[in-house]
Structure formats: C-alpha cells, structure tokens
Amino acid sequence: MRVLGLDYGTKTVGVAVSDALKITAQPLETIERKSAGKLRQTLARIEAIIAEYADGGEQNKIERIVLGYPKNMNNTEGDRCQATQEFREALERRTGLDVTLWDERLTTVEAERILMESGVRRENRKTYIDKMAAAVILQNYLDAQQGT
C-alpha cells in the first residue's frame, strides 16, 4: 500500500506518492486553483488520484495521506496552520483516509536545492517546486517510519 504526500499552499497543492514498499517518494503533480478558498476541485482531483491508484490493485492502494504542516521556524503555529488543519478535515471527510500532519519547515528550501543540483533552470523550477516539496515532506515521513 502507498502513502500520498501533499504540500498545501494558497494557490497550489504539490502531490507526491510513495512506492508500494513505502521506501521512496516520487513527485507526482501540482494541482493549481484560481482562489485560495476554492477547494472543491482540488479535493476532487485528490480523490481522483486516490481512485487511480486503487484501480491498480491492493498493493497500489493509497492507505494514508501525509500533509505538510507549516509551522514557523520558532515552532509556533500561524494562520497557515489553521488553514492546513481545515484542509486536513476536508480531506478526511472526502477521502475517508487518515491524514497525518508532518512538519514541513525548510522543505521548500530543500526542494529548491534538489532542483538546482539536478540542473533544472531557475525559470523552470517554479513548475516543479510544489510537487518536489511534497516529495520531500513524504520522504521525511517515510524515513521517520523506517526508524520506528
């Protein structure tokens, strides 16, 4: 079974998915929306992704969602944390899956570094940054699970 990773932003949601053994995370796509408050289409796309993996058999099924939690660097929670918690509740209602909040501090910085080291040109990085950040969040979660 797989894990879906999400990097929730005001206008985009980066999506990543684990392999069936839950060892590696791969960036999947970036869902864009026109308005920060319009989540219906975003949730519908996430449901469609989950359904696509369910069609691949039991070993490909998504069993959990890991959602990046945007704490401040001093470990306090700001406005983005409240919006993320509301998105989490909507995800759990719509998908029926458990949604784990995972600290996402510095994941965008790490995603940017990975893209730079991979030779992705600066003007093209914006296309990949959200789904790469989702992959970093998910990989951090998977690595922590391996250690337990």
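This briefing walks through the helices, aromatic pairs, salt bridges and a surface patch of the structure above.

The model is predicted, so local features need pLDDT of at least 70 and side-chain atom pairs count only at pLDDT 80 or more, while totals for chains, interfaces and linings use all residues. Residues are numbered from 1 along each chain as its sequence is written, and side-chain values use heavy atoms, with hydrogens and water left out. The structure holds 2 aromatic pairs and 6 salt bridges.

- Helix H1 (residues 40-54) has 15 residues and spans 21 Å from its first C-alpha to its last, close to the expected 21 Å; the expected span is 1.5 Å times one less than the number of residues.
- Helices (H or I, at least four residues) and strands (E, at least two) are DSSP runs, numbered from the N terminus.
- Thr42, Leu43, Ile46, Ile49, Ile50 and Tyr53 are the buried residues of H1; buried means under 20% relative accessible area, exposed over 50%, and partly exposed in between (1.4 Å probe, protein chains only).
- These residues cover an arc of only 115° around the axis, which puts them on the same side of H1; the arc is that of the directions from the helix axis to the C-beta atoms.
- Arg40 and Gln41 are exposed on the other side of H1.
- In helix H3 (residues 107-117), the residues Thr107, Ala111 and Leu115 are buried.
- Seen down the axis of H3, its buried residues fall within an arc of 75°, so they line one face of the helix.
- Turned away from that buried side of H3 are the exposed residues Val109 and Glu117.
- After H3 comes Gly119, with a positive phi near 85°.

**Aromatic pairs**

- Rings of Phe, Tyr and Trp (its six-membered ring) pair if their centres lie within 6.5 Å; planes under 30 degrees apart count as stacked, over 60 as edge-to-face and the rest as tilted.
- Tyr8 and Phe87 are stacked, because their ring centres are 4.2 Å apart and their planes at 5°.
- Tyr8 lies in strand E1 (residues 2-8) and Phe87 in helix H2 (residues 79-95), so this pair ties together parts that are 79 residues apart in sequence.
- Both Tyr8 and Phe87 are buried.
- Trp102 and Tyr141 have ring centres 5.2 Å apart and planes at 90°, so the pair is edge-to-face.
- Trp102 counts as partly exposed at 23% relative accessibility, whereas Tyr141 counts as buried at 8%.

**Salt bridges**

- A salt bridge is a side-chain nitrogen of Lys or Arg within 4 Å of a carboxyl oxygen of Asp or Glu.
- Glu63 and Lys22 form one, at 2.5 Å from N to O.
- Glu63 lies in strand E4 (residues 62-69) and Lys22 in the loop between strand E2 (12-18) and strand E3 (25-32), so the pair ties together parts that are 41 residues apart in sequence.
- In the bridge between Asp98 and Arg64, the closest N and O atoms are 3.9 Å apart.
- Arg88 and Glu92 meet at 3.6 Å, N to O, and, being 4 residues apart in helix H2, are separated by about one helical turn.
- Glu29, Arg45 and Glu52 are linked in a salt-bridge network.

**Surface patch**

- Met73, Leu106 and Val109 form a nonpolar surface patch, with about 330 Å² of accessible area together.
- Patches are made of residues with over 30% relative accessible area and no salt bridge: like charges are joined within 9 Å, nonpolar side chains (Val, Leu, Ile, Met, Phe, Trp, Tyr) within 5 Å.
- Accessible areas come from the Shrake-Rupley method with a 1.4 Å probe; for residues, only the protein chains shown count as cover.
- Leu106 lies in the loop between E5 and H3.
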